[in-house]
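Please guide me through the reading of a structure.

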Amino acid sequence: MTAGRSPDTRATVWDREMAADVDRTRVASSATRVHSRAMDRSHFIDTRLVGDARITMILDGHGYWAPELQVPEAEWRAALPQANAAGEVGIDFCGAHIALGDASILIDLGFDDIPPERGHWATMRLRRTPGVEAVLAAIGVRAEEITHVLITHAHGDHIAGAIAERDGRPVARFPNARHLIGRADWERNPERNSPASLAAMHLGGLLSRGLLELVDGVRPVAPGVTFRHAPGESPGHSIVEVRSRGETFLHLGDLFHFPCEFEHLGWIPPGRDQATTILSRRDALERARDAGALLAFSHGVFPCWGRVSPEGEPAHWMYEVATR
Ligand SMILES: [Zn+2]
């Protein structure tokens, strides 16, 4: 096992693998799915057992984002030394699949099929892997077999995979799944009234098909799997807890974006509710420590696995790789 602490200087798979592949990627960027053929599946799929639960992290893409953490620039730059002059940081976009008992559960829907240089992602210089649906197929899971989709929150990178185009018609990508999202991310989401918004297209599309359930508080999903309201990043933001045979996994969604936020619970991007975020972060950390939980968050460095230091304040995030 290797473990690292913030500052978050670990290069992502993409930084390492793609740096030498720039020309080929540029040529390939007109394709719907942009990825290097040199990458093997271990670069976008990583599976672990938590008790009887088989949990697979799925890398959907890599892009650049300026988090604008609401602290003096010198402070956040010390914690994120890889940020460029514009304050942008390379981040991974990760979903997850949980197989436990009869449940086949997807956490977050990822991006749509629109070429990343068009659509909503143009400013992020997004590069795609084969995508969530293809990765699921690679681990033997067909889209029709997904029983639940747990949507941590309504930001575009987490919902845009909901409705896909097939033969020129919009269809639910996971047609047999019950899709769950925190109620406020729909009911208090101003984007729902803009027909061209991702929320209207994808969450509205699920709702009109009877596939979206708005949930409150703590919602049991399947034996051992719980969806828990953890607001702040958005009003309905929720996290996922898996318990099996005395082991615990917590998928934290976007409650944290970078390791430095575990040490500085008040460091958040603009537009979020800071006080609520801090409360949700404290609660999640307490829960993680009580259970000695394996953790992941959506924009961690793939494969995203990690833990927090078991005691002491502040908590420290430690990436965990290669323990299989
Ligand atoms: Zn996100």
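This is a predicted model: local features need pLDDT of at least 70, side-chain atom pairs count only at pLDDT 80 or more; totals for chains, interfaces and linings use all residues.

Q: Is Gly236 buried or exposed?

A: A residue counts as buried if 20 or more other C-beta atoms lie within 10 Å of its own. Gly236 has 24 C-beta neighbours inside 10 Å, and therefore counts as buried. Gly236 is located in the loop between strand S12 (225-229) and strand S13 (238-244).

Q: Which residues does Gly236 touch, not counting residues up to four places away in sequence?

A: Two residues are in contact if their C-beta atoms lie within 7 Å. With residues up to four places away in sequence left out, Gly236 touches His153, Ala154, Ile181, Gly182, Arg183, Ala184, Asp185 and Pro231.

Q: Which residues touch the most other members of the largest nonpolar core?

A: A nonpolar core joins buried nonpolar residues through C-beta atoms within 7 Å. The largest one here has 81 residues, and those touching the most other members are Ile58, Ile98, Leu150, Ile159, Leu203, Val242 and Leu252. Strand S3 (residues 89-100) supplies the largest share of this core, 6 residues. Leu252 in turn touches Ile239, Ala284, Leu295, Ala296 and Phe297, not counting residues up to four places away in sequence.

Q: Where is Glu68, and what is its phi?

A: Most residues other than glycine have a negative phi. Glu68 is not a glycine, yet its phi is positive, about 50°. Glu68 lies in the loop between strand S2 (53-65) and helix H3 (73-79). Because it has 13 other C-beta atoms within 10 Å, Glu68 is partly exposed.

Q: Is Asp108 buried or exposed?

A: Asp108 has 26 C-beta neighbours inside 10 Å, so it counts as buried. Asp108, although not a glycine, has a positive phi of about 70°. Its place is the loop between strand S4 (103-107) and strand S5 (127-128).

Q: Is the peptide bond from Phe302 to Pro303 cis or trans?

A: Most peptide bonds are trans. The bond from Phe302 to Pro303 is cis, with omega near 10°. Pro303 is in the loop between strand S15 (294-296) and strand S16 (306-308). The peptide bond from Glu313 to Pro314 is cis as well, with omega near -5°, and Pro314 is found in the loop between S16 and strand S17 (317-319).

Note on methods. Residues are numbered from 1 along each chain as its sequence is written. Helices (H or I, at least four residues) and strands (E, at least two) are DSSP runs, numbered from the N terminus. A residue is buried if 20 or more other C-beta atoms lie within 10 Å of its own, exposed if 12 or fewer, and partly exposed in between; C-beta atoms are placed from the backbone.
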